[in-house]
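Subject: Structure handover

Hello,

Here is the structure I promised to pass on. Please open it alongside this message.

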Amino acid sequence: MSGNVLQEYLEGKIDFAGQKLVDDIVRIWLIAATAISFVAGFALQSLLVTFSILGLSTVALLVVVIPPWPMFNRHPVKWLPVAETKKSK
Amino acid sequence: MHSIFTRVNNISAFLPSCTMALLACIALSSFLFTADPKGNLSISPVRAFPSKTNRYPRRKQEMGFVNFNISADLTSLFHWKTKQLFLYLEAEYQNTQGILCVNNTVVVWDRIVRRKEDAVINFAGKNKYAFREISSSFKKVPSSHYSLKYNVMPYVGVLTYGEAARTAEAVDFVWEEHV
């Protein structure tokens, strides 16, 4: 029996390969969103366009990254089997 | 990144850095906009009346009344970063009373323009603010020059100033005894 179900939901654990993937996604997504929003706003001469593109892409990033999707859990940690304790009684 | 909290923490730390870089780029983009619009300004001779101000009722003060016509097309100053445009009409004159010749600059009218559609100015009117000389009299002032200046106020960036129109020749003062 794993622990508290609510606690697991709130923790949203992902494995190490998934963490690296999330790290890359966040960095590339935010830099690209900043660049695209600046170029689009400058071309259309509207600050509203700039900040709405930035805001919407941030919300989209939150949807992609925050919940522990199965694609981040594809390489779970392989734990070794439980070793026999060699203590003599 | 192992838990939801750390992922939120990471994003909320990187996003303000990206936003600050974006704002810096927006502020720097102001150097690409060099617009210098010009307009027309015509002033009829300024009439100076002896009158009293509300604050110092016993003091003999002369007030100047300026009637002017302004026409200018300032739409080229509105770009994506412009929040509003502050226009002001300045009177510059020299007071030759005493030993030194003192330069004076008085703002007699101003207007705030918030939209590009309102940036075409065709205005005929009189001064909004009291035009009075500190030494209470305009008698020693030979003539005055008027200039329409603007100040571009951006959402983020540096304030820029410019001059849109100037009177070519000096405007004389006409003294009246009573209203």
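This is a predicted model: local features need pLDDT of at least 70, side-chain atom pairs count only at pLDDT 80 or more; totals for chains, interfaces and linings use all residues.

Start with chain A. Helix α2 (residues 16–44) packs against helix α3 (residues 47–65) at about 160°. Their axes are 8 Å apart. Angles over 145 degrees count as roughly antiparallel, so α2(A) and α3(A) are roughly antiparallel to each other. Their crossing is right-handed. On the α2(A) side, the contact residues include A:V22, A:W29, A:F38 and A:L44. On the α3(A) side, A:V49, A:I53, A:L61 and A:V65 are among them. The residues of this contact divide into 16 nonpolar, six polar and no charged.

Next, chain B. α3(A) also packs with helix α1 (residues 4–28) of chain B, at an angle of about 165° and with axes 12 Å apart. That makes α3(A) roughly antiparallel to α1(B). This crossing is right-handed. From α3(A), the contact includes A:L47, A:F51 and A:L62. From α1(B), it includes B:R7, B:L15 and B:I26. By class, there are eleven nonpolar residues, three polar and one charged.

Finally, the largest pocket. It holds about 290 Å³ of space. Lining it are 16 residues, and the closest to its centre are B:F33, B:L77, B:H79, B:V152 and B:T160. Strands β9 (143–154) and β10 (160–166) of chain B are the elements that give two or more residues to the lining. The lining has nine nonpolar, five polar and two charged residues.

Best wishes

Conventions:
Residues are numbered from 1 along each chain as its sequence is written. Chains are lettered from A and ligands numbered from 1 in the order in which they are written. Side-chain values use heavy atoms; hydrogens and water are left out. Axes are lines fitted to C-alpha atoms, for helices over the stretch in contact, and angles run from 0 to 180 degrees between N-to-C directions. Helices (H or I, at least four residues) and strands (E, at least two) are DSSP runs, numbered from the N terminus. Angles under 35 degrees count as roughly parallel, over 145 as roughly antiparallel, 65 to 115 as roughly perpendicular and the rest as oblique. A crossing is left-handed if the near helix is turned anticlockwise from the far one by less than a right angle, and right-handed if clockwise. Contact means heavy atoms within 4.5 Å. Ala, Val, Leu, Ile, Met, Phe, Trp, Tyr, Cys and Pro count as nonpolar, Asp, Glu, Lys and Arg as charged, and the others, Gly among them, as polar. On a 1 Å grid over the protein atoms alone, a cavity is a set of points where a 1.4 Å probe fits but cannot get out, and a pocket is an open set with protein on both sides within 12 Å along at least five of seven lines; lining residues have an atom within 4 Å of a point. Grid points are joined across faces, edges and corners, and a volume is the space filled by probe spheres set on the points.
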